[in-house]
Amino acid sequence: MYYFIINPQSRSGAALAIWRRLGKTLTDNHIRYHRFFTRYRGHAAVLAARLSDHTGSRDVIAVLGGDGTLNEVINGLKDPARRTLAYIPTGSGNDFARGMGMKTDFSRGIPPLFRSGTIRRLDICQCQTDRISKRFVISSGLGFDAAICHEALHSPLKKALNKIRAGKLTYTFLALRQLISFHPFCLQLITDNGRKRTFENVYFIAAMNLKYEGGGFQFCPQASADDGYLDLFLIHGMSKLKILLLLPTAFFGLHTRFKGVEIIRCQKAEFLADRPLPVHIDGESAGVSARVRVSVLREQPRILSG
């Protein structure tokens, strides 16, 4: 049985039309399902928790929405290792689908994952600050990238671009604006082997479970969603002009050759900044903090990957 958690507001309401087509296709092909629409921020987590109490290991909890909706479901799941998930990406960034190699066009027929989808395991990670503790599956960051996410959540530009299916450009435009005003910081990084390193003039650090964040920036080309590791991506000691030149190359994963780019693999890490900074979890605002701890959890749900 498929249990759909649907965010009808995703992609400025276009997700509802996608669901209507998909629901009809499932019905016409005699695929059994129940559907639940989210009504407010955080509702997907509530629905996922309830479904965790009433579904078995053979049932599939399917998410139709953006990366934020998926994150809510991940945070609501109970006993993740017993769950099977499916994901229909209808957001503007779709970094999870991109990182997992999932198709994003469901305009014709039944998505492959409902016919003969490949089952993969998915690492779930944890981000903790002094105020919150939440799971993530894409990335969690501190600094410049999180400031972009914070602004994107309230930007009329994102809504306008979503209507013409160009929502991922929001992050590019906001990145340019944030770059002008952002002041770099000093960071102490402690990784799981106890090694301490200090970096000056840091713009951001991101703990990546997948290759992409920010609407298609391939910050960690070697990151894998099921290897039990995080790839930390750090930019430091660069001029703003050099970062401006670097960002376009990150769409293709070519930025790693730049001096000042660091990629560090670990299972857990602690970020200690010299001042409170914006934090994001899977592209959603997580407030501000000077201290962030990230780690890979042991429980891996199954996910259908078309």
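**Exercise 1. In which sense do strands β3 and β4 pair, and over how many bridges?**

Step 1. Locate the strands: β3 covers residues 60-65 and β4 covers residues 84-89. Helices (H or I, at least four residues) and strands (E, at least two) are DSSP runs, numbered from the N terminus.

Step 2. Read the pairing, remembering that two strands pair if DSSP finds at least two bridges between them. β3 and β4 run in the parallel sense, with 6 bridges, and A62 sits opposite A86 of β4.

Step 3. Together, β3, α3 and β4 build a right-handed β-α-β unit; right-handed means that, with the strands pointing away from the viewer, the path from the first strand over the helix to the second runs clockwise.

Step 4. Look for another partner of β4. Strand β15 (residues 302-305) pairs with β4 in the parallel sense over 2 bridges, and T84 faces R302 of β15.

A word on the model before you go on: it is predicted, so local features need pLDDT of at least 70 and side-chain atom pairs pLDDT 80 or more, while totals for chains, interfaces and linings use all residues. Residues are numbered from 1 along each chain as its sequence is written, and side-chain values use heavy atoms, leaving out hydrogens and water.

**Exercise 2. Which side chain of opposite charge is nearest to D67, and how far away is it?**

Step 1. Search for a charged partner, counting Lys and Arg as positive and Asp and Glu as negative, with His and the chain ends not counted. The nearest is R98, 6.5 Å away. A salt bridge needs a side-chain nitrogen of Lys or Arg within 4 Å of a carboxyl oxygen of Asp or Glu, and the buried D67 has none.

Step 2. Turn to polar atoms. A polar atom of the D67 side chain lies 2.9 Å from the backbone nitrogen of D95.

Step 3. List the surroundings, with contact meaning heavy atoms within 4.5 Å. Beyond four places in sequence, D67 touches several residues, including Y87, F96 and D282.

**Exercise 3. Which parts of the chain does the D53 and K78 pair tie together?**

Step 1. Start from the total: the whole structure holds 10 salt bridges.

Step 2. Examine the pair. D53 and K78 form a salt bridge whose closest N and O atoms are 3.0 Å apart. D53 is in helix α2 (residues 43-54) and K78 in the loop between α3 and β4, so the bridge joins parts 25 residues apart in sequence.

Step 3. Check accessibility. D53 is partly exposed at 48%, and K78 is partly exposed at 37%.

Conventions:
Buried means under 20% relative accessible area, exposed over 50%, partly exposed in between (1.4 Å probe, protein chains only). A polar contact is a pair of N or O atoms within 3.5 Å; within protein, one must be able to donate a hydrogen and the other to accept it, and residues adjacent in sequence count only if both atoms are side-chain atoms.
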